[in-house]
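Work through the exercises below with the sequence and the model open. Try each task before reading its solution.

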Amino acid sequence: MEISFARIDDRLIHGQVATVWTKVSGCNRIMCCSDEVAKDTMRKQLLLQVAPPGVKAYVVPVDKAVEAYNNPKYDSFKTLFLFTNPTDALRALEGGIPFKSINLGGMCFKEGTTLISSAVAVGPEDVKALVKLHELGIELDLRKLANESKGDVMAALKAKGLI
């Protein structure tokens with residue numbers, strides 16, 4: 001399986017992902033990797049229905065994504081990996097999916113989180129996972145839209161006093 005792109009976006013598949021990121025990445029598969037979403041039948045069905053034409057989507061737990069990545073049966077897949085949070089992305093990396101870079105594109109603000117960009121809010125667990133990903137040599141770029149310049153996640157975390 002080829003990794004065409006990896007993105008953290010708590011909405012998973014939505015307009016920008018379906019119309020822009022799939023084209024930019026050249027993927028033929030989208031793998032939404034989330035234990036929580038994989039158990040939510042309604043959300044899973046909605047995500048599968050909004051995949052763009054010609055791109056097959058899957059909603060699977062993180063461990064199942066790792067299994068699929070390592071299965072030669074899926075060698076023809078050019079996969080856009082989507083995660084709802086940095087912890088799941090770290091689990092996938094530690095499980096054996098060799099990401100080189102991960103885009104941090106959208107995480108909604110909720111109580112206990114801090115905005116580090118107009119579209120990304122992180123909590124303490126997210127910060128720990130992002131720091132670990134950085135320490136493992138993963139390029140972390142902060143941008144909502146494909147045509148924006150890549151922002152530096154570590155610099156954004158430092159600017160907010162989170163690291």
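**Exercise 1. Compare the radius of gyration of the chain with that of a compact globule.**

Step 1. The radius of gyration is taken over C-alpha atoms, and the globule rule is 2.2 Å times the number of residues to the power 0.38.
Step 2. For 163 residues, the rule puts a compact globule near 15 Å; the chain has 15 Å, which agrees.
Step 3. The C-alpha trace spans about 45 × 30 × 30 Å along its principal axes.

Two notes on the source apply throughout. The model is predicted: local features need pLDDT of at least 70, side-chain atom pairs count only at pLDDT 80 or more, and totals for chains, interfaces and linings use all residues. Residues are numbered from 1 along each chain as its sequence is written, and side-chain values use heavy atoms, with hydrogens and water left out.

**Exercise 2. State how many helices and strands the chain has, and what share of its residues is buried.**

Step 1. Helices (H or I, at least four residues) and strands (E, at least two) are DSSP runs, numbered from the N terminus.
Step 2. There are seven helices and nine strands in the chain.
Step 3. Buried means under 20% relative accessible area, exposed over 50%, and partly exposed in between, with a 1.4 Å probe and protein chains only.
Step 4. Of the 163 residues, 49% count as buried.

**Exercise 3. Find which residues of helix α1 are buried, and explain how they are arranged.**

Step 1. Helix α1 covers residues 15-25, and its buried residues are V17, A18, W21, T22 and S25.
Step 2. Viewed down the axis of α1, these residues fall within an arc of 120 degrees (taken from the directions from the helix axis to the C-beta atoms), so they line one face of the helix.
Step 3. An α-helix has 3.6 residues a turn, so residues three or four places apart point the same way.
Step 4. K23 and V24, on the other side of α1, are exposed.
Step 5. The cover over the buried residues of α1 includes β1 (2-9), β2 (29-33), β4 (78-83) and β5 (101-106).
Step 6. After α1 comes G26, with a positive phi near 70 degrees.

Notes
Contact = heavy atoms within 4.5 Å.
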